[in-house]
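Trainee: Please take me through this structure one question at a time, and state each cut-off when its term comes up.

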Amino acid sequence: SGATGRGLDLAGRHVVVSAGGTREYLDPVRFLGNRSSGLQGYALARTAQARGAEVTLVAANVALPDPAGVKVVRVETTAELHSEMVAAAAGADAVVMAAAPADFRPTGVSAAKIKKADDGSSPSIELVQNADILHELAHHRSRPDSVVVGFAAETGDDSGSVRELAAAKLARKGCDLLVVNDVSGGAVFGSPDNEAVILASDGTATDVPRGSKTAVAHAIWDQVVRRFGA
Ligand code: CTP
Ligand code: CA
């Protein structure tokens with residue numbers, strides 16, 4: 001932490017970070033998933049630990065080694081991520097939802113492997129919406145003074161620019177900070193680099209220049225630390 005110049009500014013704090021992407025099973029061998037690598041969440045866990053925090057990392061389906069000195073809880077589905085985040089967030093100073101939970105899951109999970117039909121017909125998959133974990137963590141805080149952070153990858157569309165959509169998402173989720181990635185130029189998935197704008201509920205926006213996910217993680221904790229002081 002000496003190299004970053006931030007010292008141990010998270011000493012005495014308990015922070016909870018989610019990382020990776022959830023899987024929603026169709027049957028014992030198949031799932032719906034997404035491309036989240038978990039790199040940004042792991043960088044957040046490592047940097048918080050380096051800055052003195054007690055860190056719980058709830059990791060969904062990542063192919064990354066456990067960071068030293070971090071408590072790692074592994075999950076697969078959004079339902080598991082939901083219950084582990086609610087449990088870990090109890091009493092925490094800060095919660096960061098860097099994971100990509102699946103928005104939908106199959107209505108039912110087949111206990112047996114789904115087989116092809118003899119007549120060549122294809123099955124359809126009926127989906128039901130998953131709980132919004134960030135919305136719940138922000139709206140039902142175990143401590144009113146905790147800092148809740150979300151992420152959003154946006155492209156902008158007919159209904160608004162990246163910034164407009166992100167500002168609306170920040171308000172809807174009820175979080176204190178929203179880390180916004182503009183992904184219209186191509187995906188950031190699996191990349192060691194990232195670039196972001198951190199929107200705050202007080203209306204401020206902080207640009208984080210293109211850099212390593214470690215550098216972006218430090219910039220996020222800087223904003224969290226400012227909120228602790230407020
Ligand atoms: N998130 C969550 N629970 C969900 C979906 C998303 O906690 N079921 C969190 C993500 O971890 C992220 C933030 O909400 O921190 C924003 O995710 P995003 O997918 O952008 O938001 P959604 O509400 O799912 O909106 P969209 O329709 O744009 O996907
Ligand atoms: Ca989503």
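Trainee: Which residue of β11 is the bridge partner of L177?
Mentor: Strand β10, residues 177-182, and strand β11, residues 193-200, run antiparallel and are joined by 4 bridges (strands are DSSP runs of at least two E residues, helices of at least four H or I residues, numbered from the N terminus). For L177, the partner in β11 is A200.

Trainee: Before we go further, at what pLDDT do side-chain atom pairs count?
Mentor: Residues are numbered from 1 along each chain as its sequence is written, while chains are lettered from A and ligands numbered from 1 in the order in which they are written. This is a predicted model, in which totals for chains, interfaces and linings use all residues, local features need pLDDT of at least 70, and side-chain atom pairs count only at pLDDT 80 or more.

Trainee: How many bridges pair β9 with β10, and in which sense?
Mentor: One of the residue pairs to look at here is G150, whose bridge partner in β10 is L178. Whereas β10 and β11 run antiparallel, β9 and β10 meet the pairing criterion of at least two bridges found by DSSP with 6 bridges, in the parallel sense.

Trainee: And what is the order of the strands in the open sheet of 8 strands?
Mentor: The pairing within this sheet is mixed. Its edge strands, each of which pairs on one side only, are β5 (71-75) and β12 (205-212). Read across, the order is β5-β4-β1-β6-β9-β10-β11-β12.

Trainee: In the hairpin of β11 and β12, which residue takes a positive phi?
Mentor: The strands β11 and β12 run antiparallel and are joined by 6 bridges, and in this pair the bridge partner of A196 in β12 is V208. Between the two strands, the hairpin has 4 residues. The positive phi, near 95°, belongs to G203.

Trainee: How many of the 6 residues of β10 are buried?
Mentor: A residue is buried if 20 or more other C-beta atoms, placed from the backbone, lie within 10 Å of its own, exposed if 12 or fewer, and partly exposed in between. Strand β10 is largely enclosed by the rest of the structure, because the number of its 6 residues that are buried is 5.

Trainee: Which residues touch the most other members of the largest nonpolar core?
Mentor: Such a core joins buried Ala, Val, Leu, Ile, Met, Phe, Trp, Tyr and Cys residues through C-beta atoms within 7 Å, and the largest one here has 56 residues. Its largest share, 6 residues, comes from helix α1, residues 39-50. Leaving aside neighbours within four places in sequence, V149 has contacts (C-beta atoms within 7 Å) that include V95, L177, V179 and I220. Those that touch the most other members are V17, V95 and V149.

Trainee: Which element gives the largest share of the shell around ligand 1?
Mentor: The shell, taken as residues with a C-beta atom within 6 Å, includes T78, M97, D103, N130 and D132, together with G150, F151 and A152. Two elements give two or more residues to this shell, namely α3 (133-139) and β9 (147-154). The largest share, 3 residues, comes from β9.

Trainee: Why does A217 count as buried?
Mentor: A217 is found in helix α5, residues 213-229, and beyond four places in sequence this residue is in contact with Q40, A43, L44 and T47. The C-alpha atoms of A217 and Y42 are separated by 9.1 Å although the two residues are 175 apart along the chain. A217 counts as buried because the number of its C-beta neighbours inside 10 Å is 28.

Trainee: What is the phi of N61, which is not a glycine?
Mentor: N61 sits in the loop between β4 (54-60) and β5, and is buried, with 21 other C-beta atoms within 10 Å. Not counting residues up to four places away in sequence, N61 touches G20, G21, R23 and E76, while R74, 13 residues apart from N61 in sequence, is 7.5 Å apart in space, C-alpha to C-alpha. The phi of N61 is positive, at about 60°.

Trainee: How far apart are the C-alpha atoms of A92 and V16?
Mentor: A92 lies in the loop between α2 (78-89) and β6 (94-97), and with 24 C-beta neighbours inside 10 Å this loop residue counts as buried. Beyond four places in sequence, A92 touches H14, V15, V16 and S146. A92 and V16 are 76 residues apart along the chain, and their C-alpha atoms are separated by 6.9 Å.

How values were computed
Two residues are in contact if their C-beta atoms, placed from the backbone, lie within 7 Å.
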